[in-house]
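I opened this entry to record what I looked up on strand pairing, salt bridges and surface patches. My notes follow in the order in which I took them.

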Amino acid sequence: MSPVELGQVLGALPPLQDARVLVGSGSRDDAAVFRVSDDRALVATVDFFTPIVDEPEAFGAIAAANALSDVYAMGARPLFALSLVGFPRAELASGYLERIVGAGAAKLGEAGVPVVGGHSIDDAEPKFGYAVTGEVRPDQLVGNRGARPGDLLYLTKPLCSGLVATAIKRQACPPALRDAAVAVMSHLNRRASEAMLAAGPSAATDVTGYGLLGHLRNLTHGAEIELDRVPVLPGVWDLAAAGLFPDGSRRNLGAIQAQVDWDDLDETERLLLCDSQTSGGLLVALPPQAAARFESLLADEAYPAVRIGKVSEGQIRVRRSVASG
C-alpha cells in the first residue's frame, strides 16, 4: 500500500495508552518496541512478500535479510524468528518451498537467529517472510525521529531492487545485474547497524517499499539530497530509462510529489528516488562529528556508507550535485 493508503487504514486503530509501548504504529517507525524492564525492551516486526526473483534460494535469503532489516534499523539485536508461508499445495512436490525455507533459515543463521516456528497457508501465489523479535536497551533505541538540521545523511546500500525485479519479470534484466542485485538484497544490515550505534546516530530507518524519498520523509521533513551521490548498481539507470518501474514506485512518487522541491529533475530521475526497494540499506542521520567514524567502520564492507546529503530546514530538496546547485 502507498503511504496515503496505509495512513487511511491505520487511522482505524484506537490510540495506544500503554506506557510499556515505547514505539507503536503512530510514529511510522520500522518496528514496534515494548519495554519489559528498565534496561530491556523487545523489538518486533513482520514482513513477507511475493517472489521478486526466480531462484528459490535467492528468494528465501532476500526475505530473511529483509525481515531482519527493521530490527537492525532500530539499533536492536534480533533474537528469533517465526516464518510466514503462503504456497500452493499442488506445487509442493516441486521441492521449491523446501529450497525457499532452507535458504531463509541459512541467512538467519548467518545473523545468529534461529527459526523457532511459523504459520503456513495454501495460497495460489507464493508468499514468504518472517516475524522477527529482537531486543534493545531503551536508552540505545534508534528511531526515525530525532534528525536535526546539519546532520549528514548516509545510505548503506545502492538502489536497485524495484527496477531489477520488474526487469526480471519482463525478461529484460542482464544476468550480471540480476546477480548483483540479489547480492545487495540478501546482504545483512547487521554491520551497518553496529557501525551506526558505534558512531552515535540522531535517527535512522531502512529503505524498503516507499523508496528512498518516502522513507526519508519519515525521517525528516527537510533535507538537501544530491542525486549524483545516491548509489545505484551499474545498469540500473538503463532500466530506469526503459521505464521498468514497478507500480509501487509510481504510487510512491504520486504520494510525495508535491512535498519535494525537485529542481530540474525529470520524471525518470524522480521515479528512481522513489523506486520501491526490497531489503534496502539503512538511511542514517548523523551529527557531522560522527560521520568520519561511521564511514571508517564500513569502509571495507561490500557496500560502504555513502553520504547523499544533509538534514535541513524547510522541505526536501533534490539537486543533481553541489556544483550544479
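I began with the pairing rule: two strands pair if DSSP finds at least two bridges between them. Helices (H or I, at least four residues) and strands (E, at least two) are DSSP runs, numbered from the N terminus. I noted that this is a predicted model, in which local features need pLDDT of at least 70 and side-chain atom pairs count only at pLDDT 80 or more, while totals for chains, interfaces and linings use all residues. Residues are numbered from 1 along each chain as its sequence is written, and side-chain values use heavy atoms, with hydrogens and water left out.

Strands. I looked up the partners of β3. Strand β3 (residues 40–49) pairs with strand β2 (residues 32–37) in the antiparallel sense over 5 bridges. A hairpin of 2 residues joins β2 to β3, and I found Phe34 opposite Leu42 in β3. With strand β6 (residues 127–136), β3 also pairs in the antiparallel sense, over 9 bridges. There, Phe48 has Gly129 in β6 as its bridge partner.

Salt bridges. I counted a side-chain nitrogen of Lys or Arg within 4 Å of a carboxyl oxygen of Asp or Glu. By this rule I recorded 16 salt bridges. For accessibility I took buried as under 20% relative accessible area, exposed as over 50%, and partly exposed as in between (1.4 Å probe, protein chains only).

I then examined individual pairs. Asp123 and Lys127 form a salt bridge, their closest N and O atoms lying 2.8 Å apart. Asp123 is buried at 18% relative accessible area, whereas Lys127 is partly exposed at 23%. Arg178 and Asp179 meet through their side chains at 3.2 Å, N to O. Arg178 is partly exposed at 25%, and Asp179 is partly exposed at 44%.

In the salt bridge of Asp263 with Arg317, the closest N and O atoms are 3.9 Å apart. This pair links distant parts of the chain, 54 residues apart: Asp263 is in the loop between β10 (260–261) and α10 (267–273), and Arg317 is in strand β13 (residues 316–319). I logged Asp263 as partly exposed at 37% and Arg317 as partly exposed at 25%. I also noted that Arg40, Arg77 and Glu135 are joined into one network by salt bridges that share partners.

Surface. Leu13 lies in the loop between α1 (3–10) and β1 (21–23).
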